[in-house]
Amino acid sequence: MTTAQIDTSFDAAAARSRLRRQTLATALSRYGVLIPFVIVAIICVAAVPNFFAGNNLANMLVNASIAAIIGYGMTVVIALRGLDLSVGSIQGLSACLLTLFLTSGGLFAGIGAGLLTGLLVGLINGILVAYLKVPSFLATLGTLGAIRGVALLVTDGQTLGGNDAFLSTLANGRFFGVPIPFILAIVLLAGLYVLMQYTPFGRHVCAVGGSPEAAAESGINVRRVTLVAFVIAGLTAGLGGVLLAGQLGNVTGNLGVGLELQIIAIAVLGGTSLAGGSANLPGTFIAGLLLAMIASALNQLNVPSFYQNLAIGVLLIFALSLDSIRRHIHRRILLEG
């Protein structure tokens, strides 16, 4: 074999190796969440009798849908290379204001107040990050605390009661046997998927997440894209608050405490990298189902709440490790050309 033939053979082997790593990285991003999903489903079925039967399945779908709806907004923000730590507080305040306005102004006033809360807080977060250049972690950490204080103020630390038949049906009802929140989550997933995959806005979000400087030089209005992304996150968290208020009937100012970690875990475990540049919304939905399965199984096995928090923490570490592996593979591929 000549030297030229050896070089050609070496280049072909290197190309095949790069292709295998690239395929592995893509598969981890798109379908990595299916591995723990299947494993956890098998364990749950083995440990809990009739795990996927009747009301238990319906309750899991409702809880997963509410988490996934909020997770969609977080996914868009993470694709932008940001974080929104205020989603749990937004959900809590939206639920509280909805209940207050529901009793004083009626159904539309209540739902409007809940959604408007999410929109306004998302707008504030977007202005802080896009125009005042506050890092998203710090900006939303500040609004997390401020909104939580407002929620405790408007409820005076008390439990607020009050529900409406339509709102209760929206959160707990079924359409041909399928929970309505699950249908809402699917419809919203389809809409946001089209927005992120087939519109200039979606491409701009990923471009900004990939490199804000390059995106700005190419003519993308980075500030406006950032602002809209945080508004979407606020609105989805507000919708989550509306559904939660309808589901529970009674709300407190502490609703949604610690939710932000679960939502981040859902988005990252679903395949959206903290490095930004891409969004896997279907993965977020499946990760929401995964988290709901784990919570349901632990509840039915009467596992104490602190062990449930431990399980969520382990899942978050797993999600971050998976993201780190994906980024490491991508870096190696880029370095090797």
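## Confidence

pLDDT is the predictor's confidence in each residue, on a scale from 0 to 100. This is a predicted model, in which local features need pLDDT of at least 70 and side-chain atom pairs count only at pLDDT 80 or more, while totals for chains, interfaces and linings use all residues. Residues are numbered from 1 along each chain as its sequence is written, and side-chain values use heavy atoms, with hydrogens and water left out.

The protein chain has a mean pLDDT of 87. In all, 91% of its residues reach 70 or more. Confidence is lowest in helix α1 (residues 3–31), at a mean of 66. It is highest in helix α8 (residues 180–198), at 96. Helices here are DSSP runs (H or I, at least four residues), numbered from the N terminus.

## The lining of the largest pocket

Five helices each supply at least two lining residues: α3 (54–79), α11 (222–248), α12 (259–269), α13 (281–300) and α14 (305–335). The lining divides into 20 nonpolar residues, 14 polar and no charged. Ala, Val, Leu, Ile, Met, Phe, Trp, Tyr, Cys and Pro count as nonpolar, Asp, Glu, Lys and Arg as charged, and the others, Gly among them, as polar.

## T155

T155 is found in helix α6 (residues 136–155). T155 is buried, with a relative accessible area of 2%; buried means under 20% (1.4 Å probe, protein chains only).

Leaving aside neighbours within four places in sequence, T155 is in contact with C96, L160 and G253. Contact means heavy atoms within 4.5 Å. The side chain of T155 also reaches the backbone oxygen of L152, at 3.3 Å.

Technical notes
Buried means under 20% relative accessible area, exposed over 50%, partly exposed in between (1.4 Å probe, protein chains only). A polar contact is a pair of N or O atoms within 3.5 Å; within protein, one must be able to donate a hydrogen and the other to accept it, and residues adjacent in sequence count only if both atoms are side-chain atoms.
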